[in-house]
Amino acid sequence: MDEDNLRGQLLVATPLLLDPNFARAVILLLEHTDDGAVGVVLNRPTETEVDDVLPDWGDTAKDPAVVYVGGPVSPDGAICLGTSPSGLGVSDWSFFDGAVTTVDLTLGPAAAEPGMQVRVFAGYAGWGAEQLAAEIEDGSWYVVEAHVDDVFTEEPEELWRDVLRRQSGQLAMVANFPPDPSLN
């Protein structure tokens, strides 16, 4: 992994990260440069159906077909990720050899690739220059490899544990860390 550019990697909150915006969060980094980083939280589904806010996109939304909290920055804006069945994602933010790409919601689903499924995120997570590196160094985040299934999991509430479980060594054991160790 290129430690200078974490684009396409997952940030997995360590049990020490207690900020309610990020406790047990799993974030896909969409961009990481010298100026900062941008990502979306993959495991914060809301109760709001995609159909309720973007009626044209409801049938294209991957189950659970709800809007996700992508992060605390610009919560009124949306970032949409979609599957690219052809593997030819063409946006600036394409991942997994083009199998996942950002989707321009303003073009409508007719412009989407046939068979595409989408996930809509309200807001995003953002870091200024050197801020993310400092948080990683302080022990707030584990940086691990992302998989396509992480982006479109049908069980987002289990994603934190699932991602940690598939890691090697002691990191896999962190998946069993209780939410509140004082109750243990």
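This is a predicted model: local features need pLDDT of at least 70, side-chain atom pairs count only at pLDDT 80 or more; totals for chains, interfaces and linings use all residues.

1. Residues are numbered from 1 along each chain as its sequence is written, and side-chain values use heavy atoms, with hydrogens and water left out.

2. A search of the whole structure returns 3 salt bridges, a salt bridge being a side-chain nitrogen of Lys or Arg within 4 Å of a carboxyl oxygen of Asp or Glu. One of them joins the side chains of E154 and K62, at 2.8 Å from N to O. Because E154 lies in the loop between helix 3 (148-151) and helix 4 (159-165), and K62 in the loop between helix 1 and strand 5 (66-69), this pair ties together parts that are 92 residues apart in sequence. Helices (H or I, at least four residues) and strands (E, at least two) are DSSP runs, numbered from the N terminus.

3. R166 and D150 form another salt bridge, with their closest N and O atoms 2.6 Å apart. R166 lies in the loop between helix 4 and helix 5 (170-173) and D150 in helix 3, so the pair links parts that are 16 residues apart in sequence. R166 is partly exposed, at 32% relative accessibility, while D150 is buried, at 3%.

4. Within helix 4, D162 and R165 are 3 residues apart, which means a separation of about one helical turn, and their side chains meet in a salt bridge at 3.8 Å, N to O. D162 is partly exposed, with a relative accessible area of 31%, and R165 is likewise partly exposed, at 42%.

5. On the surface, E47, E49, D51, D52, D56 and D59 gather in a patch of negative charge; patches of this kind take residues with over 30% relative accessible area and no salt bridge, like charges being joined within 9 Å. Strand 4 (45-49) and helix 1 (50-53) each supply at least two residues of the negative patch. Among its members, D52 is found in helix 1 and is exposed, with a relative accessible area of 58%.

Conventions. Patches are made of residues with over 30% relative accessible area and no salt bridge: like charges are joined within 9 Å, nonpolar side chains (Val, Leu, Ile, Met, Phe, Trp, Tyr) within 5 Å. Accessible areas come from the Shrake-Rupley method with a 1.4 Å probe; for residues, only the protein chains shown count as cover. Lys and Arg count as positive and Asp and Glu as negative; His and the chain ends are not counted. The place of a charge is taken as NZ of Lys, CZ of Arg, CG of Asp or CD of Glu. Buried means under 20% relative accessible area, exposed over 50%, partly exposed in between (1.4 Å probe, protein chains only).
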